[in-house]
Amino acid sequence: MLLRLRINDLLRWKQQPSRKPLLLNGARQVGKTVLLEQIFGAKEFRRVHTLDFRKEPGLAELFEDGLDPRRVIANVELRLNAAVDLQHDLIFFDEIGECQSAVDSLKYFAEVLPNAFVCASGSNIGLLDSFPVGKVDQAELSPLCFEEFVIAANEPRLLEALRERRSGQLAHRKLWSLLLDYYFVGGMPEAVQTWFDGRGSPHARVEQVEHIHQLLVAGFERDFGKYAGRLHAQHIGAVFASVPRQLGSNQDSSVRRFQFSGVVDRKRRYRDLRGPIDWLEAANLVLKCYPINGKPRVPLLAQARQNMFKLYLFDVGLLGHMLGLRYADQRAQNVDYKGFVAENFVQAEMTARGLYPTFGWEQGQSELEFILRGHEGEIVPVEVKSGSRTRARSLRSYLQRYKPERALKLYGGPRLQQSAQVEMWPLYQAQFLAEL
């Protein structure tokens, strides 16, 4: 099974003397069930009592006698014909969003049985009518980030080189090569597992990953109808399909703000498409970045305009699939869309590290992909370029206007100190933006 870095958060949660139920949120098929049940649960507990509300809708009967957790546990024991040891067992509510009563019960587990080990997973948590705010510890699971992809490649020395930010040419060539593979495969666990399982020819593995991507996209589209109703589902599907299409319409330049006109007939403004866009964000399928116009100030969120944002897909592999990019295209890096793939990769890496929502900068003809707050409170501009040769005009404009203490450029070359102000990082080190 694939190692997930989120396991460290689960272990810390378990070690607390008392705890709230833990909810692991994330898009469908990102590995929530495997992590909670087969990795964390199987290794850390005597037994895992799994209740899958998507697979068995009849499990709602567990709450017919009320939401008192002691009654719920008694019903769980009856349903599963097994004793629940609260000191050594994990109670796992899988796809809890399918049962509102199960969601509501988490509040009472927190209040009545804070020593119990209760975990839940959900892919539609953001779509629920109500949620026990303050009574649940939440964690987000994204597709495998690049570091997890390197772990899956089973090259421990290369993993060390990534974590230690080595700048040698050999390490750079190997990590860059693996990044190009990641652009194609992405981070969806089934695709990553297939890529590294060692079975079949390289050509066969490419075809298998493409097929997995196709099935995943089709599955998400089916969910639109299941959870949103027929008409609303059509609009959600149109927005979802338009994200890569809009990325590809600008050729090899920075991602533009999402354009509402032309997505759905007779809908031309943000308010016309707000519902579908918010639905996709709540389902963790798209990611927002807000461009700040003019001089950035703290807090950045206060300067963001609700109706102006860039949209990215949550997984770079699915982005390439929806753009029609093949493995050879990603390896060659000679396609018009490579800039958007690199930018989407950086956005997804930051999201996986808890940097969400994200912000960019624009003024006149100048724009920067991202601006971040450092740990000292300063605002750090970040330019993203897909190649090894860059002309960062927008970054120069930002430096001249606002004179920040430091700036970063992520690009296709090795780590360098371009000037006293500007550091150049290889794209595969985007994870370290969370440590600024």
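Visitor: What makes Cys99 count as buried or exposed?

Guide: This is a predicted model. Cys99 has a relative accessible area of 6%; buried means under 20%, so Cys99 is buried.

Visitor: Which label does Cys119 receive on that scale, buried or exposed?

Guide: Cys119 has 1% relative accessibility. Because the cut-off for buried is under 20%, Cys119 counts as buried.

Visitor: Why are helices H3 and H4 called roughly perpendicular?

Guide: H3 (residues 69–80) and H4 (residues 100–112) pack at about 110 degrees, with axes 9 Å apart. Angles of 65 to 115 degrees count as roughly perpendicular, and H3 and H4 therefore receive that description. Pro69, Arg70, Val72 and Ile73 of H3 meet Tyr108, Phe109 and Val112 of H4. The residues of this contact comprise 6 nonpolar, no polar and 1 charged.

Visitor: What makes Ser123 buried or exposed?

Guide: Ser123 lies in the loop between strand E4 (118–122) and strand E5 (137–140). Its relative accessibility is 6%; since buried means under 20%, Ser123 counts as buried.

Visitor: What joins the side chains of Ser123 and Glu95?

Guide: A polar contact of 3.2 Å joins them, and the cut-off for such a pair of N or O atoms is within 3.5 Å. Beyond four places in sequence, Ser123 touches several residues, including Asn25, Arg54 and Asn284.

Conventions:
Residues numbered from 1 in each chain as written. Predicted model: local features only at pLDDT ≥ 70, side-chain atom pairs only at ≥ 80, totals over all residues. Heavy atoms only, no water. Buried < 20%, exposed > 50% of the residue type's maximum accessible area, 1.4 Å probe, protein only. Axes fitted to C-alpha atoms, helices over the stretch in contact; angles between N-to-C directions. Helix = DSSP H or I, 4+ residues; strand = E, 2+ residues; numbered from the N terminus. Parallel < 35°, antiparallel > 145°, perpendicular 65-115°, else oblique. Contact = heavy atoms within 4.5 Å. Nonpolar A, V, L, I, M, F, W, Y, C, P; charged D, E, K, R; others polar. Polar contact = N/O pair within 3.5 Å; in protein donor to acceptor, adjacent residues only side chain to side chain.
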